[in-house]
Structures are given as structure tokens and as C-alpha cells.
Amino acid sequence: RGVAKSAKVKRYIRKGIPNEQRPLIWMVVSGAQEQMDLNPGYYQTLLEGPKNDKLVESVLTDLNRTFPDNVRFRKTAEPCLQQPLYNVLVAYGHHNPSERS
């Protein structure tokens, strides 16, 4: 269930959300948790389903250029965040084909 927009919620968010609570708050406030609850397994289905070759090529081309100054996205990082980013971009590209370039 999403969070209703209110001055109180806005005030708390502007004051700052503790780091350990940010993932949970983001999922609820953005409505992502509700979408996940309504569509269980959808993300995994997108990752495991057939791939659009042009989309995958585009994602792979841009992957190393994304966040070049962020050490967490370098191939040598532990853990390297390139695979999770690849997964999100490919899943989004298949979920919303009109956004493909």
C-alpha cells in the first residue's frame, strides 16, 4: 500500500531519512512495493524471458560508460554493481519498449 501525500510525510522526508531506512521508505513512497505485490515474479520473468538483441547490445555498450567515476561500477569492484545495473536496464527495456533508443 502506498503512502498518501501529506505535509507530515513531506516534512519527515525533507528532514532526512536515516540511511538504514531509505530502501524501505523508497519502495513504499514510490509505489514500487505495491507494484511488486501486485505483480509477483514479473521482474524475474523479464530477466529470464527472450532478449531483444538490439537492447542488450545497447545496454552492454553503455555499461562501462555509466558512472565512470563511481568505483562500485568498475569491473574490479567487490561487489561490482555492473550486473545488477545490466539486469535493471534490460528488464526496464523489455517492460517499456517505447523507451528504447
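Asparagine 87 is buried, at a relative accessible area of 19% (buried means under 20%, exposed over 50% and partly exposed in between, with a 1.4 Å probe and protein chains only). The residue sits in helix α6; helices here are DSSP runs of H or I with at least four residues, strands are E runs of at least two, and both are numbered from the N terminus. Setting aside neighbours within four places in sequence, asparagine 87 is in contact with Tyr43 and Leu47, contact being heavy atoms within 4.5 Å.

A word on the model itself. It is a predicted one, in which local features need pLDDT of at least 70 and side-chain atom pairs count only at pLDDT 80 or more, while totals for chains, interfaces and linings use all residues. Residues are numbered from 1 along each chain as its sequence is written, and side-chain values use heavy atoms, with hydrogens and water left out.

Helix α6 (residues 82-95) also packs against helix α5 (residues 53-63), at an angle of about 145 degrees and with the axes 10 Å apart. Axes are lines fitted to C-alpha atoms, for helices over the stretch in contact, and angles run from 0 to 180 degrees between N-to-C directions. The crossing of α5 past α6 is right-handed (a crossing is right-handed if the near helix is turned clockwise from the far one by less than a right angle, and left-handed if anticlockwise). On the α5 side the contact is made by Leu55, Val56, Val59, Leu60 and Leu63, and on the α6 side by Gln82, Leu85, Tyr86, Leu89, Val90, Gly93 and His94. These residues split into 9 nonpolar, 3 polar and no charged; Ala, Val, Leu, Ile, Met, Phe, Trp, Tyr, Cys and Pro count as nonpolar, Asp, Glu, Lys and Arg as charged, and the others, Gly among them, as polar.

Within α5, valine 56 counts as buried at 14% relative accessibility. Apart from neighbours within four places in sequence, valine 56 touches Lys51 and Tyr86, going by the contact criterion. Its C-alpha atom is 8.9 Å from that of glycine 93, a residue 37 places away along the chain.

Then there is the largest pocket, which holds about 540 Å³ of space. On a 1 Å grid over the protein atoms alone, a pocket is an open set of points with protein on both sides within 12 Å along at least five of seven lines, whereas a cavity is a set where a 1.4 Å probe fits but cannot get out; lining residues have an atom within 4 Å of a point. Grid points are joined across faces, edges and corners, and the volume is the space filled by probe spheres set on them. The lining has 14 residues, with Gln35, Met36, Tyr42, Tyr43 and Leu46 nearest the centre. Two or more lining residues come from each of α3 (32-38), α4 (42-48) and α6, and α6 gives the most, with 4. By class, the lining divides into 10 nonpolar, 4 polar and no charged.

Most residues other than glycine have a negative phi, and most peptide bonds are trans. Phenylalanine 67, in this loop, has a positive phi near 50 degrees and is partly exposed, at 44% relative accessible area.
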